[in-house]
Amino acid sequence: MRYFIGNWKMFGVPKSISILNKINSYYSKDKNRNKYRVIMTPPYTLIESYSKYFKNKKISIGAQNCYQKEQFSSNTAAVSPYMLKSVGAKYTLVGHSDNRGEGDTDTMLKDKVRYALKNNLKVVFCIGENKTEKKNKKTLSVLKRQLTKVLEKKFNKNNLIVAYEPIWSIGTGKIPTTDELKKTTIHIKKVLKGIFKKNSPAVLYGGSVDGSNVEMFKEIKEIDGFLVGGASKTSKKFIDIIKNYYR
Ligand code: PEP
């Protein structure tokens, strides 16, 4: 199974549902539709209405983050996994570099993953090295640390997806070479196998993916799909990624 996940970040109002409607129409009719899943993560404000609208349709709706408490707490503006599940979210991202940059620690991320899984949300756990770490050839050790500090064998790996998103690639148009990405993805899968002892969860790539570069990633069979930021906000751009991947 392949995954095409869109991360809208701080984008979207109720009428932006038309973008998702177009993507859903394509997805529903695509002859390859059984080979992949499409998940979109709009901002919190749209999760309930979009989840209701797409309830019996192909696209699944997820959140971009969740708070590290299970149900309710006194933290202003926080949204828990339980609250997300109650309005129809099926997935949540955890550990996006934007949120790590704002202070998410490994301990917080572990709680987020744990409580999200406990509330039957599927978790897309994001990892990735920054520019300096890459320059200092620390990529593999950074990724290993990010995975082993947070993920535990007892977590349900069937509800877990890992998204490798090098920070230097997000929103910059820069992407790793095929060799780099293959090596990194194999490393991630090896670390995951070490944690879960059996097959690894799916591993996606994210960072400046668009319709023109997605074909390059096709060669890397270890990549199970993509987490897409910028190109998920336009139906044509997002559909082009799927189209060109299966061309
Ligand atoms: C992201 O923010 O998760 C992302 C991958 O962004 P972009 O596709 O715009 O690089």
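## Ile242 in helix H10

Ile242 is in contact (heavy atoms within 4.5 Å) with Phe4, Tyr26, Asp30, Tyr36 and Val38, leaving aside its neighbours within four places in sequence. Ile242 lies in helix H10. Helices here are DSSP runs of H or I with at least four residues, strands are E runs with at least two, and both are numbered from the N terminus. Ile242 is buried, at a relative accessible area of 1%. Buried means under 20% relative accessible area, exposed means over 50%, and partly exposed falls in between (1.4 Å probe, protein chains only). Cys66 is 176 residues from Ile242 along the chain, and 28 Å separates their C-alpha atoms.

The model is predicted: local features need pLDDT of at least 70 and side-chain atom pairs count only at pLDDT 80 or more, while totals for chains, interfaces and linings use all residues. Residues are numbered from 1 along each chain as its sequence is written, and side-chain values use heavy atoms, with hydrogens and water left out.

Helix H10 spans residues 235-245 and holds Asn244. Asn244 is buried, with a relative accessible area of 13%. Its side chain reaches the backbone oxygen of Gly211 at 2.7 Å. That is a polar contact: a pair of N or O atoms within 3.5 Å; within protein, one must be able to donate a hydrogen and the other to accept it, and residues adjacent in sequence count only if both atoms are side-chain atoms. Not counting residues up to four places away in sequence, Asn244 touches Gly211, Val214, Glu215 and Lys218.

## The ligand shell

For Gly171, a backbone N or O atom lies 2.7 Å from a ligand oxygen. For Gly229, a polar backbone atom is 2.8 Å from a ligand oxygen. For Gly230, the distance from a polar backbone atom to a ligand oxygen is 2.9 Å. Taken alone, the ligand exposes 290 Å², and the protein buries 95% of that. The areas come from the Shrake-Rupley method with a 1.4 Å probe; for residues, only the protein chains shown count as cover.

## Two positive phi angles

Most residues other than glycine have a negative phi. Lys9 is not a glycine, yet its phi is positive, at about 55°. Lys9 sits in the loop between strand S1 (2-7) and H1. Lys9 is partly exposed, with a relative accessible area of 25%.

Ser208, also not a glycine, has a positive phi of about 60°. Its loop runs between strand S7 (202-206) and helix H9 (214-218). Ser208 is buried, with a relative accessible area of 18%.

Helix H2 covers residues 44-53, and its buried residues are Leu46, Ile47, Tyr50 and Ser51. They cover an arc of only 130° around the axis, so they lie on the same side of H2. The arc is that of the directions from the helix axis to the C-beta atoms. An α-helix has 3.6 residues a turn, so residues three or four places apart point the same way.

Thr45 and Lys52 are exposed on the other side of H2. The cover over the buried residues of H2 includes helix H1 (17-29), strand S3 (60-63) and helix H3 (81-86).
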